[in-house]
Structure formats: structure tokens, C-alpha cells
Amino acid sequence: CTKEIILPCQSSSLSSLLANNNNSGIIEPIIPIRRRKYPNRTLYNSQTSNAITKTSRIINKWWENQSGATNPPSWHGEGGRAVVIPAELQEQSKKRFIENQFNILASDLMALNRSIKDQRSSKCLAHKFPSDLPTTSIVIVFHNEGNSTLLRTLTSIIIRSPIQYIHEIIMVDDASINREYLKDTLDAFTKELPVPVHILRNNDRLGLMKSRLRGAEIAKGDTLTFLDAHIECSPGWLEYLLYEVKKDRTAVVCPIIDVINDNDFGYYTGSDMTWGGFNWRLNFRWYPVPQREEVRRNGDHSLPLLSPTMAGGLFTINREYFYEIGAYDPGMEVWGGENLEMSFRVWQCGGRVLIHPCSHVGHVFRKQTPYTFPGGTGTVIFHNNKRLVEVWLDKYKDFIYAIMPELKRVQAGDVSERLALRDRLKCKDFQWYLENIYPETSLPINFHHVGAIRTEPMSCLTLHNVFGSQKGNRTATLNIETCLDRTESPINAAYQIVIYSKKGEIRFDDLCFEGSVNSVVKLQKCTEGNQKQIWNYNNETKLMKHVNSNQCLTVDEKKDNGKVNVGPCVEGNHAQQRWYLERSVIT
Ligand code: LR7
Ligand code: MN
């Protein structure tokens, strides 16, 4: 089953994350670190300028020790540009890629305080903040993080935040192995920073959820801000997050996540028209923001989006509210699932998940994890997802288990405390969440039928390659094949389950049956208002009409290639056009 597991940050979903126009934004001054001046904005008082100067001095010292040079070897990556690896370093950089699953040499060639573009629109820049924003404790957990990426994470926080709001930075080393620099070098670097930095070190691997819980426990700030360990904060990233939490203590606020290329560290603006959802296998996914959300915001892209889910890595939350709403599920291990769990929980129990389009933080997206998953990748993620399903999904459990029969078999462990939490908070059910917060979901909410669609001899519409491989290529195909028994071969039978929705789509996850006159039916991304994706079933004649062409769904018997076509409807009894909807997997 591991081949089906797709990590959220795989490259295929990245393209949908990028903004169309990457050329806007003023570049911070590209000058040597020592002389770099930061514009004095509101909130950026002398305390902040001093912090920036001091941080720059430390960075210089760090580089001198590292490379014997006053400044980095050359000005790589300035303005967020990509690093060009010198020919003599290319082989080494490729060889060392696996250490972190990103090009650490490219990162090493850049200044820790390399400049990037200001990502904010003029509308965002016009926002005003009160001076009494809540403070924050920044929690960064890491397992085997790269040196320069981690130090750049810290540097970017300090040089791009109004320092008076940073109560402290709490770092949790989740039992990294064979990385000496995460000990003394990190201690020395952080000791000199102009904000208090606490470093906790786990003796045993706790995984990211329990590590974050451990970090949050010692936090004293008004809010908590969680960050991954390989990020770059862009100018103004923090103010917007803090202000939303000040206005609404139940808001969980995420920045737009910009993309730092894993190979050359080029910094690319994330789209403000992308939000968080999830697919049938409970993988977090980016999807386009629907029109209704544009209407709700009056087209103002400097206002926060109400997002169904969050990516998980980067967000600010009121510290007390974090605990009220149930923090993290301590039964979850290593990586995965906690992002959806928190999203469902926050929405179902009265909070809100926001993405603030004025706040941008860059993140190094990797195609694979560089570290081990104690217990096995599949097992761990399934265990976490099973807990999520058992606690939050109500009757949608049955659907998920039909789609992922493997998940039904794994152990969730004891979830009674999480169920008690849900009870205590009087949370709404999952149906409410889907209907009100995520009506665009690919899960079945408004449907005529969920299950196999077959012809008279037991042949079923069957899908292949729907979720793609780890590398992200997805060449979904549709065939007509022998119907499979869900008890005998549940895993393969899952690919014969489709939704026939009230809108008239026939869909599998986010893929829709798309037809046109006299041609083979294709699987395409479902798109609102695409008439070629609308079907009309007649329970009496058993015909499945393709509305747009006024033709019928037909088994291609002549070619005998296992394909289904849209073709002229035949009067009377024609077995190739008679379709039966098998018993639904949910009601
Ligand atoms: O055992 C572990 N212990 C850790 O401390 C495993 C991981 N970690 C740390 C790790 O070093 C990193 O700092 O946890 C952090 C997240 O792990 P990554 O960066 O290896 O994975 P990721 O970027 O794919 O993680 C995304 O999904 C995770 C699901 O559990 C978390 O929610 C991450 O926070 C999340 N990251 C983001 O949302 C950033 C944007 C990427 C996307 C989409
Ligand atoms: Mn990450």
C-alpha cells in the first residue's frame, strides 16, 4: 500500500500552489549584510532595528567561522533568485541531496539573511495594526534538519518580525542523529540572538505532534506560532497573523506558503487563489478557491480566506485556545494526519481556519522525506488517519473504509479521550462541516448513488491510476471490467466505486467522467459548470445520457478495448447502453 501514499508536498500539487505573476514585489536592498538597512515601518521600532543589526553581526561571525570569508562566497540567491551551483560543486551537491532531500549546498551558498521580495500587494501594505498585538511563542520542531536552512529559518524570523511581539522561540530537536551542528553550533548561534531561544532535546523520537506539544507546554506568549524548520519568513508575515487572532481568539491563521525550490532555493510566490482541501484517501491537497469565497470577500484579496483545511506546518493560534480546542492528538505518531485532524476539529467545534493572503512564508517543499518513519511510513500514516476517521468522520467512515479497505484493518489505539473531547466541546458533525464549510468536497454529500455502475453481464466501470504514484504523475484511465466483490477483493473493488451526484457528475475523487460526441469517455478534473461532465440517468430505460451531446454512455463492443464511449442512443433494448447502479456503499 505504500506506493499509494502521496506526501502532501509532492511536486505535482506544487504547480497549483504558485501565483501566476511572480514578478511583483519590491526586493529588499541587495547589499552586504553589514550595511543592509531595513525600512522603518510602523511597528518596526528601534528595538527591531537593533535586533536586525545584532543578528547580522552574528551571521557574519558565523560565516567567517564556516568559510573563512567575511561574507558568503558570493551573493547567491539574493532577491529570492535561484542559486547557480558552481560546476566544481555540482557533483557534491547531487551526492549530498539525500541528506535532507533538498540541496543543502545551494542553501549554504546563500546568506542566512538573503533578501527576498516583499510579497504584499499595495492593499495589504495599506492595512493598519494596533500597537498592542498579542505576543507569540514560536515553536519549531525538527528531526535531522540541515544547518544553514535551520539557521536561516531563525534569521528570517528575527529580521522580518516586529521583535517586540516575539516572546520567545522554542526549538524541539526530535532526537536527531549524527548531526553535531545541532548541538554546540546551534546553542552558540541562538544564545546570541536578540530574542530568548529555548532548545528542548528529545531523548527518543516523539514525532512532530508530540514534539510540538512538548514545545508548547513551556510557552508563555499570548499566542503560539508553529513553523517548519526549513522556511523563510517574508516581510510583514507576522503582523497579519497576530491581528486576526487578536480580533477572534478562535481563529487559526495560516500564511500563504510560498515555494522555495528544493534544488536551487529560488523563492516563488504562492497563489492567493489556492486553499486547503483533502482527497478520498485523506491526503491534504491544494485546490482552487471557489467563486463563492470570492463573493464572500467582495473580491478583496487582502482579506483572509476561510479554508476547509490547513497544510499543518505554519499557523498562529491563541495559546489558551490551543488547549481548549484539544491541542494535538497525542496518540498520533511521527508525521501525517494531524493537519486534517486539527482542521476538522477547529471547524466542527466552533473555531475557524484562515489563510491570510497578506502573510507569506516560504517553505522548502521536498518530494520525499529524508528521515525514517519508525514503524513504517504506511503503517504510521494509516494509524494517524484511522484515529482521525474514528473520531471525526461519523458516517463518512463507511465511505472512507470502502475506498481504503486497508485503513479498516489497522489499529487506531484508544480514541476514547478524543471522543470525550468532542463531546465536551459539543462539536458539530462531519456532515455539517462538509455542507457548510466544504461543499466543494469530493466526498459524497449530494448524491443519487455511491457505488459500482455496471452493465448487464457483470461488467463494472473501473478506474486505474487515479491517485498517481509518489512522483505525482497521474494518468487515470477508465475501463469496463469484471465487477469485483467488495468482501472478496476490497482493495481492487474500491476502484469501481463512483459517485453519481445530484449535479449530474459521475466522479471518482476529483476526477469526472467527461464526454463529447462520438468519443471515448475521459477522466478530467471536475470543474464547476463544465457541461461535458453532466450525465442524466433514467432508472426506467437504464440509459445514462450525456446531456451536452444528447448521446448515451455506451460500451465499445466493436473495438472490444474495454473502453466506454459517448454514442448515439439506440431505441429499445440495447445491452451496451443499459446501466445498473449497484447497492450504495453509504446512504
Ligand atoms: O518525526 C518527526 N519529527 C519532527 O520533528 C518528523 C518530522 N519532524 C519535523 C520536521 O523536521 C519538520 O520540521 O516536522 C516538520 C514537518 O515535517 P516535514 O517538513 O518533513 O514534512 P512536510 O513539510 O511535508 O510536512 C507537512 O505535513 C506534516 C503532516 O504531519 C505537518 O503538518 C507539517 O507541518 C507540514 N508542513 C507544512 O505544512 C509546510 C507546507 C507543506 C505543505 C503542504
Ligand atoms: Mn516541511
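**Exercise 1. Strand β6**

Task: Is strand β6 (residues 251–260) largely enclosed or open, and why?

Solution.
Step 1. Count the buried residues: ten of the ten residues of β6 are buried, so the strand is largely enclosed by the rest of the structure. A residue is buried if 20 or more other C-beta atoms lie within 10 Å of its own, exposed if 12 or fewer, and partly exposed in between, with C-beta atoms placed from the backbone.
Step 2. Note how strands are assigned. Helices (H or I, at least four residues) and strands (E, at least two) are DSSP runs, numbered from the N terminus.
Step 3. Note the source. The model is predicted: local features need pLDDT of at least 70, side-chain atom pairs count only at pLDDT 80 or more, and totals for chains, interfaces and linings use all residues. Residues are numbered from 1 along each chain as its sequence is written, while chains are lettered from A and ligands numbered from 1 in the order in which they are written.

**Exercise 2. Partners of β6**

Task: Which way do β6 and β12 run, and which way β6 and β7?

Solution.
Step 1. Apply the pairing rule: two strands pair if DSSP finds at least two bridges between them.
Step 2. Take β12 (residues 352–364). Ten bridges join this strand to β6, and the two run parallel. P255 has H356 as its bridge partner in β12.
Step 3. Take β7 (residues 267–268). Two bridges link β7 to β6, and this pair runs antiparallel. Here I260 stands opposite Y267.
Step 4. Look at the turn. β6 and β7 form a hairpin with six residues between them, and F265 in the turn has a positive phi of about 60°.

**Exercise 3. Positive phi in loops**

Task: Where are A327 and N550 found?

Solution.
Step 1. Recall the background: most residues other than glycine have a negative phi.
Step 2. A327 has a phi near 45°. The residue is in the loop between α11 (319–324) and α12. A327 has 18 other C-beta atoms within 10 Å, so it is partly exposed.
Step 3. N550 has a phi near 55°. Its loop lies between β23 (544–546) and β24 (551–555). N550 counts as exposed because it has 12 C-beta neighbours inside 10 Å.

**Exercise 4. The shell around ligand 1**

Task: How many residues surround ligand 1, and which element supplies the largest share?

Solution.
Step 1. Count: 27 residues surround ligand 1 (C-beta atom, placed from the backbone, within 6 Å). The closest are H143, D174, A311, G312 and G313.
Step 2. Assign elements. β1 (136–142), α8 (207–217) and α12 (338–348) each supply at least two residues. The largest share, three residues, comes from α8.
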